[in-house]
Amino acid sequence: MDFLLLGPVEILDDHGKGVPLRAQQDRALLALLLLAETRQIPRRRLCSQLWGDKPSKTGLTDLAKRLRHLLQRTFGDRADLPQLPDAYKLTVDRRHVDYCRFLDQLGAARAHTDPAKVAVAAQAALNEWQQGAGTALQNLSEDQSWLGTERQRLQLRRGEAWHLLLAARLSLGQHRQVLSEIDEPRSLFPDDQDLVGYQLLALYRAGRPTEAERVYDTFRTYLAREHDTEPGRELRNRIEQIRRAAPELDAPAPAPAVTDFTMGPPMALGPRPRLVGRKVQVDWLLERLQSSPEQRVLLIGTRVSGRAGVGKTTLAVYAAHEALDRGWFGGGVLFVDLRGHSLQPELRPEDALFTLLTQLGVPADQSQEGDRAALFRSVLAARARAGQRVLIIADNAASSDQVRPLLPGSAAHRVIVTSRCSLSGLDCLEQLDLQILTPDKAVQLLDDHLRGSRHGDQRIATEPGAAAEVARWCGYLPLALKIVASLLADAPERPVAELAELLADSASRLQELQHDDHLGVRVAFSLSYQVLKPEQARLFRLLALNPGAQTSVEAAAALIDRPLRTTSRLLAELRRANLLEPGIPPVGWWRFYDLIGLYAYERVREEESAEDQDQASTRLMEHYLETTGAADAWLNPTTGPDARSERFGGRDAALAWLDIEYPTLVAAAARAVLSGDGRHAHQLAARLQRFFLLRKHAADWITVQRDARAAAEHTHDPQALGQALNDLGEALAFARCFDEAMDHFQLALAIRREVLDRHGEGRTLNNLGVVYQGLRRFDEALDHFQLALAIRREVHDRHGEGQALNNLGNLYEDLWRLDEALDHFQQDLLICREVQDRHGEGQTLNNLGVVYQGLRRFDEALDHFEQALEAHREVHDRHGEGQTLNNLGNLYRGRRRFDEALDHYQQALPLLHDAADGVTEGMVCLGLARVWQDHGDHVEARRWCRQALSGVAEFSDPSAQKLAQQAQELLDQLNES
């Protein structure tokens, strides 16, 4: 049960399902009553607020009566609108109202003096606002006279929470977290000078004073343009302090995450679910959840491998609530969905650890760095020492390897794992085999779900025989029973016997098609599907044609060839029927539960003609192709403003869309190749190349370009084949598969010369130079770079000319011809700024820093590295950022500023790891080993040497071999000492 005001005004039932409100005035009355926080509101005031100076005589009575009946039907006596003389008051526990929870947490943040407690309370307050909510009370009619005043009041309190949070974070030394959060409040409160001050201070403490200066100048221009004023004295003083590097701006030492329990116990559980017929199993779990000296991992599974819908997750969550009620887990409960049996990819252990660390209150910037498993165990060990036991629920696991890094390493804590697999590789494992419900318990659960959805519904009790038949056709599976209860709740006049007949008919038809362990669930799906309206059913079927794990509203609209507004409504209706769930992110994307997706695929193959399926798939591919092209235009510095689509408001929005959709786009290209649609496959891969050059994702990059090559060969299009060979070569070169990359570049070069593609010829020659340099064949590299430069100048390709100059600079730097390298990088930098290539500018600034360091011009090196970091972060080039952080680590280590070196190396590691750049990651590890050697900690130095060796073991190119030799020599030296 939840009442929501901080976003759209909504009521959610016990299952998180929206409770429909009939009209705008119903919603407005509910909002006014909730804003009063259970205080009485005089009838006259309500009438005036709802109807102005023309109040309705009976309107308020009718509205109140309708709302009262809705609350009683949905929540029984837990929410009421009692009849009072000349006044109205909504009675509900304030813990179920997001606005009240917000006020309580805001009050707690105001009251605390400890900044850690302030930050926790303020963050909890802000979390009550719905994701992406610009204002509160969003879906109310704008002609309500009171609405503007209330929205302004709520927004002011929201701003206060942001001020408390950011000020507390800065007091705790968490300036990186401030930078990750500041964009949202700045967009909500663009005139707030204190927020700008927080941002300036955070940038300065993060070592980015030039960017702070830029933010200040932008804000000063904004104030002059919009308000004809200047920044206030405090903000002017702040920028002056930054310019002179005032020591009072230095950050305090951050509190160690592993010992700070001021955030209180994490509670990542959903509401207590309904549970029937599982007392023995609950008792089994509770007996093992109690404190004992042995480490225990409890697996909830089934003897029937792969069986779904038996209620494993429900049992785990229910038992967790029971244990919490007994006070056994004062350290809280953590929950993570590992997606082991889902249409989505399995959750990687490192991503699961990030989720768990976030739930434990570890700041995002700390959990990004280093060994997350070690950090996780350290946090839990500290909680154990403080007497705070933690329960971890790892839901929907695929394998032992996925779960093992999540184990706490302390006997004080407990782990519950749910899985359809036997995880025999885990130590300390005890398994609970969960079977289907007994017939009487299945009927009881059906009755419980129905009465929970419709208060007082007695149909199960009055038709016990028919209810038993319904339970039988559902296979006594809790998931199927829940779905069928929703069908009964949505049709209050339908007899249970009628539903039993429909289920029997569905079951017989499904058995003719296929008999499997999921029959009970499939029967429920079938009946849910049968009651859909034709337009809903068509969307449900066609969604199965999307090759990705989730579908955006726009992609769904393309599949059914309907407007976005209509499609959004249909998707919401499928959600209410429990046939879809929100995707990731939850706004704008939808996904199937795994078995429902399989059922939808059966339906589309059975009911849609091959021609209709092909047409829907073609519309979907055209959507992906067009939208990917629009996004790519924002990443291309040579695309003029007039050539960029209004589909995206800017580069950041385009990149965000690609980050979400690229797994689906890779799958779409593969699907196109298999279906013989070579044109779509090649064009989609070509439009993704710039994204992969930025984000890397090497495995997917190589996959999609191999598909592009196959597609181009199938279509016999030499231009397309030349591009696909070149783009695949670029992916292989990044993965350091230099010999294979060279083969592809040489084939591409021959084709491009044959078709007189001078632009393409210049690009491929440049790429061949990169490969020859990687193989340390410097003379051949120089020849190819010079040929590429000549062609780029011949065809007036300024952007390509800059790339060739940059690569020549890299080559001269490798050859230690530093003056020539400096000249070429400086020429390239001018071109990058001329064509407004901020991405290329960041790379060139980084390279200039390396040259200046080699020339022992250390101040200039530091300045260029800092400028490079600004550029990398501005364009979200995480790989480039990691490279520059590594170079800064090298610079500080060379200047014997070891603490700063360590900080920059540790920031670089996760960025390079995510980009799968194993060699540069190995360089960072070797740098860390040398810093620890200089510190005299040979144990830690040896650890980083071994990690460097492990990281480059899979590569055989000269650079990797040289790095491995250096790491081995240092390790030998450390072992001897």
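**Entry 1**

I noted the term: a salt bridge is a side-chain nitrogen of Lys or Arg within 4 Å of a carboxyl oxygen of Asp or Glu. Asp814 lies in helix α36 (residues 798–814) and Arg776 in the loop between α34 (758–774) and α35 (778–794), so the pair ties together parts that are 38 residues apart in sequence. Helices here are DSSP runs of H or I with at least four residues, and strands are runs of E with at least two, numbered from the N terminus.

The model is predicted: local features need pLDDT of at least 70 and side-chain atom pairs count only at pLDDT 80 or more, while totals for chains, interfaces and linings use all residues. Residues are numbered from 1 along each chain as its sequence is written, and side-chain values use heavy atoms, with hydrogens and water left out.

I then checked accessibility, where buried means under 20% relative accessible area, exposed over 50%, and partly exposed in between (1.4 Å probe, protein chains only). Asp814 is partly exposed at 30% relative accessibility, and Arg776 is partly exposed at 32%.

I next looked up Arg798, which forms a salt bridge with Glu834, the closest N and O atoms being 2.6 Å apart. Arg798 belongs to helix α36 and Glu834 to helix α37 (residues 818–834), so this pair ties together parts that are 36 residues apart in sequence. Arg798 has a relative accessible area of 32% and is partly exposed; Glu834 is partly exposed at 47%.

**Entry 2: a salt bridge within one helix**

How far apart are the closest N and O atoms of Arg243 and Glu240? I found them 2.6 Å apart, in a salt bridge. Both residues are in helix α11 (residues 233–243), three residues apart, and are therefore separated by about one helical turn. Arg243 is partly exposed at 42% relative accessibility, and Glu240 is partly exposed at 39%.

My search of the whole structure gave 61 salt bridges.

**Entry 3: aromatic pairs**

I counted 13 aromatic pairs in the whole structure. Rings of Phe, Tyr and Trp (its six-membered ring) pair if their centres lie within 6.5 Å; planes under 30 degrees apart count as stacked, over 60 as edge-to-face and the rest as tilted.

The ring centres of Tyr662 and Phe691 are 5.5 Å apart with planes at 40°, so I recorded this pair as tilted. Tyr662 lies in helix α29 (residues 651–674) and Phe691 in helix α30 (residues 678–695), so the pair ties together parts that are 29 residues apart in sequence. Tyr662 is buried at 12% relative accessible area, and Phe691 is buried at 0%.

For Phe692 and Trp701, the centres are 6.2 Å apart and the planes at 10°, so the pair is stacked. Both Phe692 and Trp701 are buried. I noted that ring pairs link Tyr662, Phe691, Phe692, Trp701 and Phe734 into a cluster.

**Entry 4: charges over rings**

I applied this rule: a charge sits over a ring if NZ of Lys or CZ of Arg is within 6 Å of the ring centre and within 35 degrees of the ring normal. Arg158 lies over the face of Trp129, 4.1 Å from the ring centre. The charged end of Arg326 sits over the ring of Trp328, 5.7 Å from its centre.
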